[in-house]
Amino acid sequence: MPRGTRPLRGNTLIPASRQELPPQQLLALITLVGLATGLHLLHLNTWVSAFFLCMVFLRLLAVYRPGILPGRLLLFLLTSTGLFNVISHYPLVIGKQGGVALLTTMVGLKLLETKKGRDLYVLVFLGFFMLATQFLYRQDMPLVILALLILIGLTGVLVNGNRAHLTRNPFATWLTSGSLLVQALPLMLIMFVLFPRFSSPLWELGIREQTAVTGISDNITPGSISRLVRSGEPAFRVEFEADQIPTQNQRYWRGPVLWDTDGKNWVAGEQIRETVQDYQVRGEAIRYSVTLEPTDGKWLFVLDLPYELPDQSTLTPDFQLVRNDLRDQRVRYSASSYLSYATGSLSSQQRMRGLQLPNNVTPRIRELARHWRQESGSDGALVNRALDYFNEQPFHYTLYPELLEENPIDEFLFESRRGFCEHYATSFTLLMRVAGIPARVVAGYQGGETNPFGGHLLVKQSDAHAWSEVWLSGKGWVRVDPTAAVAPERIERSLDIDQINEEVGAPIRFDLENSALLEVLIKQFRWGIDAIDASWHRWVLGYTQERQSYLMDLIGLGFLKGGQLVYAMVAITALAITLLTLVLLTRGKKKPDSIVAGYQLFCERLKRRGISRRSYEGPRDYGQRVIHLRPDLRDQVEPILSLYIGIRYGLMDTDSNRRQLRGLIRRFKPSASRQGQ
Amino acid sequence: MSEYLLRRFRSVSRPDSRGKTLIASRQIYILPTAQGYAFGLMLIAMLLGAINYASNLGFLLTFLLAGLGLVSMVHTWRNLLGLELSPAPIEPVFAGQRARYRINLQNHRLGPRPGLCVERRDSDPDLTDLEGVSRGTVSLAFRTGKRGEYPLPSFVLSTRYPLGLLRAWTHVRLEGNYLVYPAPGPSIPLTDSMDYTPSAKGDKGVGADDFIGLRQYRPGDSPRHLSWKALAREQDLQTKMFGGDRVERCWLDLDSLPGQLENRLSRLCRGVLDACDQQLEFGLKLPGNPIAPARGQKQRRRCLEALARFGETP
């Protein structure tokens, strides 16, 4: 090499994707991704969990001793072991549980294999995805807060990785990623609110998922339905053909039929074994399809009384529509019903079961029934007499009745007189049986809300209901709803679950004098948490198609439907990004000093009159030259410049001086030619 | 053709009327990276899952991440916007060698601009992080072609900061030139071209032939010319003066060499280097542009620049 040429700097940069991940980044990744995935270990099979933990442990060791990382062959063996492990415990890998088990194993293996920069993105994205899968299992606030922290960390790993040199200060990185996430929040909100929601799933895997679901069951104990009613979860959705939506007081969705009682609990008892009797129907058939949410029951809820039945379902002699493979999955079925019907004669078995009495029927119950029997000429009149009784006596309809221990029906009828539909239905049924009329309890749902846009009917768990059926000769089984006699408004419109929640959440009165301050604070805090949790459930977890259209109406976007929502979402998101850009552009810019800007304006005005400031001229020299060339401007130029020099270089920088200078410059408009020449 | 169109219509960051090169919004291009597309695919998968399981938290997370991607788009774009670039002079190199192009970056904003990258085809990229209101330097090494004076090469300034999901870039061409000397060819015998020109004034005291006397030592005098005898006589340090009417001076003449022009220039280049190494006084005879003989690095530079620029219209 000839002398005089300098050797070039030998910095052959290896692309970041092929560089080794620095330990700092590796540790952050292992911790964060391990945490995002590790939360699954709480509900995964022990062996799958153990495999994952081993992988993470091995990887952590290897941060400081890279020698123990497995080679290609060992890695292959480990992969096979992991897959075998998953398949042997989750034979069908396609379900939610199996999928999560497979993903967890894969994350473990990927962690072990991670060495180079390009793995960083794969792992961070896997971490994001695993966080999303967590929400399929738990949806509580603590998890959300933890997820946010993990999110800040994972984003920070990306932020740090995209610098030229890693920063040693993790807080600076978290601050950056946190501020990015805060800026993303409004966009998230816009998309969350506007993204159209679907009322039915995109695909059905047909796999039983083990999740805790609520629903009506085949026994009623005091408080079982009122407990159910407190849940605002959807039970099922109905689409009616040809807009044949029946009126609210005709929407009785039939579920289990309860025959047997011990005086406290009502159960379905042994299934009646006989052929289903024919029944007469009148009027027009109502056709509809139902999308039933996952339930642990076996009933397909149908309008009283079903006629055309869905596939794979059986109708029992007491008109329960049952499907046995229903467990824990969303199903959709079509049926038709007639609202007016007359069932036929009563079988001896049904008569026997419909008159069965528990052994705790008290004399005053028998007296009441005997009294009614004496007053009324027929069974039909007796039923009406009983309903009048419920209507006239001071019965109250409440979601929170007193707990009745000994003999619930007796206590309810004669003492507390406060109850929910289950109390009315069971006591009415018992009274009928005592009076000699075959009767049974039917559980199901009543009512439902029509979605003004989707056109379908949403039936929630809060619409759960119980009513009675009595057998009257000539009519057959007739539905009687004693709740309607007490609280007709319950049947006229649906319960508003939000109102109920507010009742529950109403602050109780504290005895401030007697309890310690800390106790009060703790109680207040609990109520605060409860309130947050309530709105969390109402507005975040319970944000459904119905709530969306409600909210859209509220903010005046109610005219948007389906796909239009997507357009609105894109448009508003774009607007928000534009706003963000503008904010970011004005922030962080050095503002030019108003005095300097004023001086520039002064120079600019003189330049237009042919006297431009030379680059080497300070204000004093420039001013002298201006006055020399244009003596007529002396009176204006001199005060401006002396003020300017005083403010910028002297001790005259006060607000009043600044204001005065700005005023002088504003009024400084030199004429085109010398005056008087 | 498309290459041509791209070149023709590509928006390039150039110096403005005041000579400042500030990256303007219209010169910034932005597209997702491969990781960005992967991120998008993951979001779609998450969205489908959220729809299917009617998981509102799934929706929230998906939309938060989507928002994050969109916000990072603004930040990536803004990371380049308003950045000021200026070139540092490129040290001339010999044809075929790699030249190092240093680019000064200046951040006028209060916030930092991390992860700035300069790229150019067939040179390694260089990365730097700029703090708020600060300067930094990045450099590109690129292989030079033929000798001559060239405008500064264009390059791409890019960034993936903050998330690496998007890459914003701008094509930059800064004002300025750089020189490529001819590649040194085979050496030429310098003695052949030695020129002993008689001089009327003589070179008293700077010549090398005849001893003419002693003078007081001055710092910088060659030790070879020290009068050791005088020193031995315990006189002061004295320097022997030589004089004469001729100097060791050579002329490098383009016309004296046979062959093709570029080859001859290459050989002259070698000649300049050798002459400078041997501390000769040398001059360069190029048609229409003779350079008077002189010594030292400055002369070497002058001659090499003349060789590099030879034949170009001034």
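This is a predicted model: local features need pLDDT of at least 70, side-chain atom pairs count only at pLDDT 80 or more; totals for chains, interfaces and linings use all residues.
**Entry 1**

I began with helix H1 (residues 23-38) of chain A and helix H5 (residues 118-134) of chain A, whose axes come within 8 Å and cross at roughly 25°. Angles under 35 degrees count as roughly parallel, and H1(A) and H5(A) are therefore roughly parallel to each other. I noted as well that H1(A) passes H5(A) in a left-handed crossing. I then looked up who makes this contact: from H1(A) come Gln25(A), Leu29(A), Leu32(A), Val33(A), Ala36(A) and Thr37(A), and from H5(A) come Leu120(A), Leu123(A), Leu126(A), Gly127(A), Met130(A) and Leu131(A). Sorted by class, the residues of the contact of H1(A) with H5(A) are nine nonpolar, three polar and no charged.

Next I turned to helix H4 (residues 96-113) of chain A, which packs with H5(A) at an angle of about 155°, the axes being 11 Å apart. An angle over 145 counts as roughly antiparallel, which makes H4(A) roughly antiparallel to H5(A). The crossing of H4(A) and H5(A) is left-handed. On the H4(A) side the contact is made by Val100(A), Leu103(A), Val107(A) and Lys110(A), while H5(A) brings Val122(A), Leu123(A), Leu126(A), Met130(A) and Thr133(A). I recorded seven nonpolar, one polar and one charged residues for the contact of H4(A) with H5(A). Going back over my lists, I found Leu123(A), Leu126(A) and Met130(A) in the contact with H1(A), and I found Leu123(A), Leu126(A) and Met130(A) again in the contact with H4(A).

Is strand S3 (residues 252-258) of chain A buried or exposed? I found that seven of the seven residues of S3(A) are buried, so S3(A) is largely enclosed by the rest of the structure.

**Entry 1: a six-stranded sheet of chain A**

I then followed an open sheet of six strands in chain A, which has the order S9-S12-S7-S2-S18-S17 and antiparallel pairing. Its edge strands are strand S9 (306-308) and strand S17 (449-450) of chain A, each of which pairs on one side only. S17(A) is joined by two bridges to strand S18 (residues 457-460) of chain A, and the two run antiparallel, with Glu449(A) opposite Leu458(A) in S18(A).

I picked out an open sheet of three strands in chain B, in the order S5-S13-S10, with mixed pairing. S5 and strand S10 (148-151) of chain B stand at the edges with a single partner strand each, so one side of each is left without a neighbour in the sheet. S5(B) pairs with strand S13 (residues 177-181) of chain B in the parallel sense over two bridges, and the bridge partner of Phe94(B) in S13(B) is Tyr181(B). Helix H6 (residues 296-309) of chain B packs on this sheet, touching S10 and S13 of chain B, and its direction makes about 95° with that of S13(B).

Pro89(B) has 12 C-beta neighbours inside 10 Å, so it counts as exposed. Pro89(B) and Tyr178(B) are 89 residues apart in sequence, and their C-alpha atoms are 7.5 Å apart in space.

**Entry 2: where the chains touch**

Last, I looked up the contact between the chains, which takes 56 residues from chain B and 50 residues from chain A. Several elements of chain B each supply at least two residues to the side that touches chain A, among them helix H2 (34-52), strand S6 (98-107) and helix H5 (261-277). Which element gives the most to this side of chain B? I found that H3(B) does, with 18 residues. By class, the side of chain B that touches chain A has 31 nonpolar, 15 polar and 10 charged residues.

Key:
Residues are numbered from 1 along each chain as its sequence is written. Chains are lettered from A and ligands numbered from 1 in the order in which they are written. Axes are lines fitted to C-alpha atoms, for helices over the stretch in contact, and angles run from 0 to 180 degrees between N-to-C directions. Helices (H or I, at least four residues) and strands (E, at least two) are DSSP runs, numbered from the N terminus. Angles under 35 degrees count as roughly parallel, over 145 as roughly antiparallel, 65 to 115 as roughly perpendicular and the rest as oblique. A crossing is left-handed if the near helix is turned anticlockwise from the far one by less than a right angle, and right-handed if clockwise. Two residues are in contact if their C-beta atoms, placed from the backbone, lie within 7 Å. Ala, Val, Leu, Ile, Met, Phe, Trp, Tyr, Cys and Pro count as nonpolar, Asp, Glu, Lys and Arg as charged, and the others, Gly among them, as polar. Two strands pair if DSSP finds at least two bridges between them. A residue is buried if 20 or more other C-beta atoms lie within 10 Å of its own, exposed if 12 or fewer, and partly exposed in between; C-beta atoms are placed from the backbone.
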